[in-house]
Amino acid sequence: MRAIAVSAFRAEPGLVELPKPDPGAGEVRVKVEYAALNPLDWQTLDGRTLDRQTADGTPTGASPHVFPFVLGTDFAGRVDMIGSGDNRFRVGDAVFGRVTAPPPGRCGAYAEYVCVPQDSPIALVPRDMPPHAAAALPTAGTTAAQILSSTAVRSGLSLLVVGATGGVGSFLTQLAAARGTAVVAAVRGDEGRRMKALGATATIDTTHGPEASASAVRALYPEGVDALVDLVSTDTASFAAYAALLRDGGVAVTTRSVPAPPGVAWSDYRLAPTAALLDELASAVARGELEVPVDMELPLEKVPQALIQNRAGGARGKTVFAV
């Protein structure tokens with residue numbers, strides 16, 4: 001089968017030919033139709049996502065891995081083989097989900113076939129949901145939904161989303177707006193119209209600099225916003241500048257493991273996907289209540305270039321790959 005893999009961490013990913021994986025007990029093998037890009041994919045390429053690392057970033061210890069290491073996390077396709085034992089799926093089922101089966105590298109979404117446990121984050125694709133949209137949903141949609149739960153924002157409260165134009169931010173804006181939350185989307189350039197169409201109450205353009213951004217938020221909420229979700233800042237100073245826009249008692253969430261300044265209620269988000277949550281999100285998409293923001297569709301061989309672009313930042317919605 002064709003796959004995008006690396007021979008070592010931090011090596012250049014490339015298109016390779018590998019044997020089809022065989023499903024183990026309790027697993028299903030999926031013929032992948034679409035895979036979706038996530039920052040997690042290039043972080044895995046760097047070796048950041050496994051348990052312990054050496055000084056040069058090479059994972060060690062509790063998470064054994066295999067090479068060639070097949071990249072990719074989110075997929076959609078059809079079950080083409082069932083492993084031994086009980087299973088809730090059948091051959092031919094249209095499914096989508098996240099690759100979780102150990103060891104890391106054995107299977108990845110950037111491949112023609114992937115094996116996943118039937119009790120992992122995998123769900124049926126609703127009849128009215130196209131497969132490319134299903135592939136774009138698992139990581140970004142789950143992240144947005146779980147962040148929203150952790151901030152406890154509700155109708156009448158305000159939420160500042162930094163990095164709102166990417167996959168997570170686009171889902172988060174929609175889900176929060178559906179709750180009656182006033183979303184302030186921090187964007188770069190001309191993305192304000194798109195974010196308002198997704199439900200943002202207001203947008204601020206961060207290209208004018210941090211002081212202008214802060215002034216724009218304070219003009220909207222002089223007492224501060226109720227919650228902050230920062231999907232972008234990688235340094236303490238940048239995160240602290242946005243956290244300073246919170247009201248007393250407000251909560252800040254980061255997905256980049258940046259510590260909050262003293263006195264700020266803070267959450268370092270960690271993804272905990274479930275099949276049940278995938279079912280809920282897919283049903284919302286099928287009912288027309290949640291839009292999947294697919295920005296680009298590319299062939300599988302374009303994965304290496306797309307990873308470079310995503311690493312540089314500035315994503316607008318999701319990128320999917322036709323496998």
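Buried means under 20% relative accessible area, exposed means over 50%, and partly exposed lies in between (1.4 Å probe, protein chains only).

## Model and confidence

This is a predicted model, in which local features need pLDDT of at least 70, side-chain atom pairs count only at pLDDT 80 or more, and totals for chains, interfaces and linings use all residues. Residues are numbered from 1 along each chain as its sequence is written, and side-chain values use heavy atoms, with hydrogens and water left out.

The pLDDT is the predictor's confidence in each residue, from 0 to 100. Its mean over the protein chain is 91. Of the residues, 95% reach 70 or more. Where pLDDT is low, the predicted coordinates should not be read in detail.

Strands here are DSSP runs of E, at least two residues long; helices are runs of H or I, at least four residues long; both are numbered from the N terminus.

Ser 257 is not a glycine, yet its phi is positive, about 55 degrees. It sits in the loop between β15 (246-254) and β16 (265-268). Ser 257 is partly exposed, with a relative accessible area of 40%.

Arg 10 also has a positive phi, about 70 degrees, and is not a glycine. Its loop runs between β1 (2-6) and β2 (14-17). Arg 10 is exposed, at 56% relative accessible area.

## Cis peptide bonds

Phe 67 and Pro 68 are joined by a cis peptide bond, with omega about 0 degrees. Pro 68 belongs to the loop between β5 (59-60) and β6 (69-70).

Another cis bond links Pro 102 to Pro 103, with omega about -5 degrees. Pro 103 is in the loop between β8 (94-98) and β9 (113-117).

## Helix α7

Which residues of helix α7 (residues 236-243) are buried? They are Phe 239, Tyr 242 and Ala 243. These cover an arc of only 105 degrees around the axis, so they lie on the same side of α7. The arc is that of the directions from the helix axis to the C-beta atoms. An α-helix has 3.6 residues a turn, so residues three or four places apart point the same way. The buried residues of α7 pack against β11 (158-162), β14 (225-230), β15 and β16.

Asp 235 caps the N-terminal end of α7. One of its side-chain oxygens lies 3.3 Å from the backbone nitrogen of Ala 237.

Technical notes
Contact = heavy atoms within 4.5 Å. Polar contact = N/O pair within 3.5 Å; in protein donor to acceptor, adjacent residues only side chain to side chain.
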